[in-house]
Amino acid sequence: MRRTLPHALLALPMLWSAFAAAELPVENAVLTEAPQVPAPITRTNNAKVVVKLETKEVVKRMADGVDYTFWTFGGNVPGSFIRIKEGDEVEFHLSNHPSSKMPHNIDLHAVTGPGGGAASSFTAPGHSSQFSFKALNPGLYVYHCATAPVGMHIANGMYGLILVEPRAGLPKVDKEFYVMQGDFYTKGAYGEAGLQPFDMEKAIKEQPDYVVFNGSVGALTGDKAITANVGETVRLFVGNGGPNLISSFHVIGEIFDRVFIEGGTATNSNVETELLAAGSAAIVDFKLEVPGTFIMVDHSIFRAFNKGALGMLKVSGPEDKEIYSGKQSDTVYLPEGGAVQTLSEPVKKVTAKNLNEQIAMGQRVFDQNCAACHQPNGEGIPAAFPPLAKSDFLLKDKLRAVGIVLNGRQGAIEVNGKTFVGAMPAIKLDDESTANVVNYILNSWGNKGGSVTVEDVAKVRATSKPAAEAH
Amino acid sequence: MTHTDLRRIIALLAALCTGALLAAERVSIPAGEYRPLFASATAAKQQVAGFQLDRLPVSNQQFATFVSKAVRWQPERINPLFADEHYLQHWQKNATTVAAPRPEELQAPVTNVSWFAAKAYCQAQGGRLPTTAEWEYVASAGSVDPQADEKLILGWYSATTPAFMPAAGQRAANAFGVHDLHGLIWEWTQDFSASMTTGESRGDSALDNQFFCGSAAAGSADPSQYAAFMRYALRSSLQGRYTVANLGFRCAYSPSSLNAIETTP
């Protein structure tokens, strides 16, 4: 059969591919920092895409007061987002900044070839390497550094995502974001201040101090939350750099309408929690029907509330009470034995010697008992939990505040011109802890509310009793 | 003369004397054995013959003295085959003068030097670069406090490169009496390109070659020796003409070449 084929025909495919390669338009890849994603690719043809990525070792914030020497692709964790199209030819330039201590390379899971490009991109400090690959398989892929010791390079933040859009493109959505989880191992415990060195022992034991989205605690909360509007469909390109943990990615209060499972071609619908292996990614799409703050977590939930794996999607727009009513009533439930919450007391008793110590100790009490509702910054949650920061209600009567901590409170109150209807349980604390936390609240976030003494608390306790009366 | 002046002069004299002594000093390293990183725990230890090694890494000042005579190694004249564009880039230059080290970095180890330049320097001293085996053998000796050693080593690897390189010799010597093998710079070895990882370090353990150690810790002498893996990784990323901001060197002297220099005044 082959012998009968005319030579010209045989040569045709080769000629064609040579012609096609020569004719491919050249473009420079647009790289973005998380949570931003480059715009969808609108061209229908393939291109030769030039990607220029720099490896850099930088000291950045891990959490408030905590710094870390991150090793990065592009200066940030996660590394720059790369977006190409199935069939594109990629000319990859990896430059290692002259100030780097380490050689680095890149293994892109989107590459078909030994090492995913690792050997070809192995680069000494102050040098650049170049290699090329053809994007054969569409999907969302992790890339990472694979220089010895690989674990340490990944643990220090050397990972990111590359999207190979399918030829026909992805379904259109209104907004796209880039979220990537990673686990970090520091000499000091979570929150211990200062420049924290990497801890190899914890890394080998797979016991991270930090599990975070986008490279630091709070990278996606508060002012840095991602935002969208009711009616929009949002797409998250979610990756897990590891190095060790598997992520149970969940958005509280949302259901993923469509998931490209493991970043591949198969889709699933109506998914609550998407499992992300270390070194894998997924595309999750969901339409926003109601407004509010939607919290992104690793549903291995201690990671979210104790190690930093928490982000926010803030959605604005009109309410739809049929889909979600909000709170329709709130009454006090008094089971037998009383409604007082019992909270564990500190094992070792240390007494504050002055107001400053009271405030410091009070912060710990606050973080454990109050911050979940009133928020660590004391600003509360609009329409749900009243603010304590610069609260006229609070500052007007400090002994009333003591009473609320001791006995709880129910019913409508007006704080800074806004009405809050809710209930706060009594917090079971001794007089000293109560004085500490109230003094912390009276003297934080710009409050200058004076102070209360342990004796004041004892007096309030003696003269008041658990109350359930309306305001 | 005030008391302060006197103290300053004494300090200066002391610094000069120590500097001169240290500059000349070489440490005799007894023959011994050590287990290379890439060998398994059951593998035979490698023998290292006795030799001499510089107590400190070569300083900017020493290297400047060298290039003032060996002019072909000056940054203005170096053949690009023997050094890349970053060669001695931290030295100060202006239109009329030859590049020279910054005064505050005279006692700091010279960096941004290529393997060729380092080799030429050591030859001019009647020595040579240490082999990787020799270097690792000496560097594997700790100080009196192994925990402090580990902290120093891992701390350095996880810190960014400082704007100014500190002077050598400020930390305690190791058990052989050699300073700054860890915690200051990387160092060239004679055969840096022989014992190495490949760029695809994870495949190295499968290679049928003991020299390819890789990051796959299986089979290595001590899986927790991440710092050593980093040294091997760095060495294997280099070529002879490369220069790096925190890569310097020191010289070794085998008995024969040492004799040669002793008979030459």
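The link between Cys122(B) and Cys251(B) is left-handed, with -85° about the S-S bond. The pair joins distant parts of the chain. Cys122(B) sits in helix α3 (residues 115-124) of chain B. Cys251(B) sits in the loop between β6 (247-248) and β7 (252-253) of chain B. Over all chains, the count comes to one disulfide. All of this is read from a predicted model.

Where do these cysteines lie, buried or exposed? Cys122(B) counts as buried because its relative accessibility is 0%. Cys251(B) has 0% relative accessibility too, so Cys251(B) also counts as buried. Now turn to chain A. Cys145(A) is buried, again at 0% relative accessibility. Cys373(A) is in no disulfide. The nearest cysteine sulfur belongs to Cys370(A), and it is 8.8 Å away. Cys373(A) has a relative accessible area of 32%, so Cys373(A) is partly exposed.

Stay in chain B for a moment. Ala163(B) lies in the loop between α5 (146-157) and β5 (186-187) of chain B. Its relative accessibility is 72%, so Ala163(B) counts as exposed. Ala163(B) and Arg26(B) are 137 residues apart in sequence. In space, their C-alpha atoms are 29 Å apart.

Next come the charged pairs. Side chains of opposite charge can pair when their charged atoms come close. Over all chains, the count comes to 24 salt bridges. One of them joins Arg128(B) and Glu134(B), at 2.9 Å from N to O. Both Arg128(B) and Glu134(B) are buried.

Glu232(A) and Lys175(A) meet in a salt bridge of 3.3 Å, N to O. This pair links distant parts of the chain, 57 residues apart. Glu232(A) is in the loop between β13 (226-229) and β14 (233-242) of chain A. Lys175(A) is in strand β10 (residues 175-184) of chain A. Glu232(A) is buried because its relative accessible area is 18%. Lys175(A) is partly exposed, with a relative accessible area of 25%.

Arg235(A) forms a salt bridge with Asp285(A), and the closest N and O atoms are 2.8 Å apart. Arg235(A) lies in strand β14 and Asp285(A) in strand β19 (residues 280-287) of chain A, so the pair ties together parts that are 50 residues apart in sequence. Both Arg235(A) and Asp285(A) are buried. Which residues belong to one network with this pair? Salt bridges that share partners join Arg83(A), Glu165(A), Glu176(A), Arg235(A), Arg258(A) and Asp285(A).

Now look at a sheet in chain A. Strands of a sheet pair through backbone hydrogen bonds, either parallel or antiparallel. Four strands form this open sheet, in the order β4-β9-β8-β6, and the pairing is mixed. At the edges are β4 (82-85) and β6 (107-108), and each pairs on one side only. Inside the sheet, six bridges join β8 (residues 139-144) to β9 (residues 159-165), which run antiparallel. His144(A) stands opposite Tyr159(A) in β9(A).

How far can chain A be trusted? The mean pLDDT of chain A is 90, and 90% of its residues reach 70 or more. Over residues 1-6 of chain A, pLDDT is below 50, and this stretch has one contact beyond near neighbours in sequence. Residues 467-471 of chain A also stay under 50. For residues 467-471, the model has seven contacts beyond four places in sequence.

Definitions and conventions
Residues are numbered from 1 along each chain as its sequence is written. Chains are lettered from A and ligands numbered from 1 in the order in which they are written. This is a predicted model: local features need pLDDT of at least 70, side-chain atom pairs count only at pLDDT 80 or more; totals for chains, interfaces and linings use all residues. Side-chain values use heavy atoms; hydrogens and water are left out. Two strands pair if DSSP finds at least two bridges between them. Helices (H or I, at least four residues) and strands (E, at least two) are DSSP runs, numbered from the N terminus. pLDDT is the predictor's confidence in each residue, from 0 to 100. Contact means heavy atoms within 4.5 Å. Buried means under 20% relative accessible area, exposed over 50%, partly exposed in between (1.4 Å probe, protein chains only). A disulfide is a pair of cysteine sulfur atoms within 2.5 Å. A salt bridge is a side-chain nitrogen of Lys or Arg within 4 Å of a carboxyl oxygen of Asp or Glu.
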